[in-house]
Amino acid sequence: SAPATAPAMKNLRVRAHRVVPSQLTERLATTGTVRANEEVDIVSEISGKISDIYFEEGSRVAAGQLLLKIDDSELVAEQQRALYRVQLAERAEIRQKQLLDDGVISSETYDVALGELNVLRAELQLIEAQLLKTEIRAPFSGIIGLRWVSPGSYLSSQTRIASLNDLDPVKLDFTVPERYSILMKAGDEISFEVEGFERTFPGTIYAVEPSIDANTRSLRVRARCPNPEGFLVPGAFANVDLVLRSVSDALTVPSIAVIPELGGKKVFVYEAGAVQPRSVETGIRSDAEVQITKGLAEGEVVIISGLLQMQPGLEVEIEEVPAEAGSAS
């Protein structure tokens with residue numbers, strides 16, 4: 001009997017993508033840390049016993065507001081003694097000046113009296129400066145933290161009294177890989193999220209570290225973020241999203257369509273029922289798309305499935321293709 005006729009082989013069915021200009025934005029996801037705009041540990045410059053505390057823990061204080069008073073009774077007494085000595089020296093200087101004018105004493109004798117007066121005045125100024133340090137005031141407006149001292153405690157220059165934080169705005173520190181360092185500049189907008197809030201916070205880059213960290217090969221960047229409601233707390237972990245570059249009329253293809261090869265990249269283009277490899281050059285990318293800067297023209301159709309089976313001249317059948325590509329099939 002005659003042999004049976006072999007069934008005709010069907011063309012491989014694949015999906016395709018038509019290359020058209022579109023908006024493409026390259027973004028970078030990184031992590032950062034929220035920091036206070038200004039923060040300082042309140043300490044005393046001089047030693048002494050606390051006489052009064054004038055702030056409430058966790059309250060808002062204004063710049064220059066009196067926070068704490070150190071006992072100044074000894075310094076006040078020293079100030080009074082120094083004041084009396086200055087007054088005596090002033091009267092002595094006046095008498096010596098009169099005698100000098102009358103020719104009774106030499107100018108050297110008068111200079112000694114004037115020098116003693118100046119020394120005593122300087123000692124009085126030193127005591128007055130120490131008196132000012134017995135009043136500890138807020139260096140800037142902000143929220144004062146927990147108090148670590150009590151009335152009657154003895155303070156030294158190492159004793160921590162409380163912390164003071166300016167929380168509006170706050171700063172956000174984050175790092176970017178070395179290859180993106182040239183794209184970082186002051187004025188760029190960012191957005192970020194913190195744990196516990198189902199919302200995105202905006203920010204603006206205002207400073208960039210001038211050098212790259214040799215250990216991590218990353219660049220530290222700092223942004224400023226408004227915080228009028230006080231939701232952002234220093235030390236909070238942040239997931240940062242920033243726009244690196246954006247092209248309004250980019251020719252894009254799905255990332256899966258681009259195949260790395262030795263010395264470059266290629267895609268498979270659908271032409272007259274068959275596929276042909278095409279070398280391409282790429283630009284920016286997003287999570288799903290890649291910009292093609294060279295090698296493709298607007299309107300061409302690129303294969304996006306079955307890529308492992310593609311060979312030059314292979315006839316395929318388009319399974320999914322934009323309506324305007326129908327004539328190409």
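Predicted model: local features only at pLDDT ≥ 70, side-chain atom pairs only at ≥ 80, totals over all residues.
Which residues do ring pairs link into a cluster? Select Phe192, Phe197, Phe201 and Phe231 in the viewer: ring pairs join these four residues into a cluster.

Next, keep Phe197 and Phe201 selected and display their side chains. The ring centres of Phe197 and Phe201 lie 5.9 Å apart, and their planes meet at 85 degrees, so this pair is edge-to-face; the cut-off for that label is an angle over 60 degrees. Are these two residues buried or exposed? Phe201 is buried, with a relative accessible area of 5%, whereas Phe197 is partly exposed, with a value of 29%.

Now select Tyr206 together with Arg224. The charged end of Arg224 sits over the ring of Tyr206, at 3.8 Å from the centre of that ring.

Proceed to Gly230. This residue belongs to the loop between strand S12 (218-225) and strand S13 (237-254). Gly230 counts as partly exposed, because its relative accessibility is 42%. Gly230 and Gly48 are 35 Å apart in space, C-alpha to C-alpha, and 182 residues apart in sequence.

Finally, colour the chain by pLDDT. The average over the chain is 88, and 94% of the residues score at least 70. Then select residues 323-329, where the pLDDT is below 50. Beyond near neighbours in sequence, this stretch has seven contacts in the model.

How values were computed: Residues numbered from 1 in each chain as written. Heavy atoms only, no water. Phe/Tyr/Trp six-rings, centres within 6.5 Å; stacked < 30°, edge-to-face > 60°. Buried < 20%, exposed > 50% of the residue type's maximum accessible area, 1.4 Å probe, protein only. Lys NZ or Arg CZ within 6 Å of the ring centre and 35° of its normal. Helix = DSSP H or I, 4+ residues; strand = E, 2+ residues; numbered from the N terminus. pLDDT = per-residue confidence, 0-100. Contact = heavy atoms within 4.5 Å.
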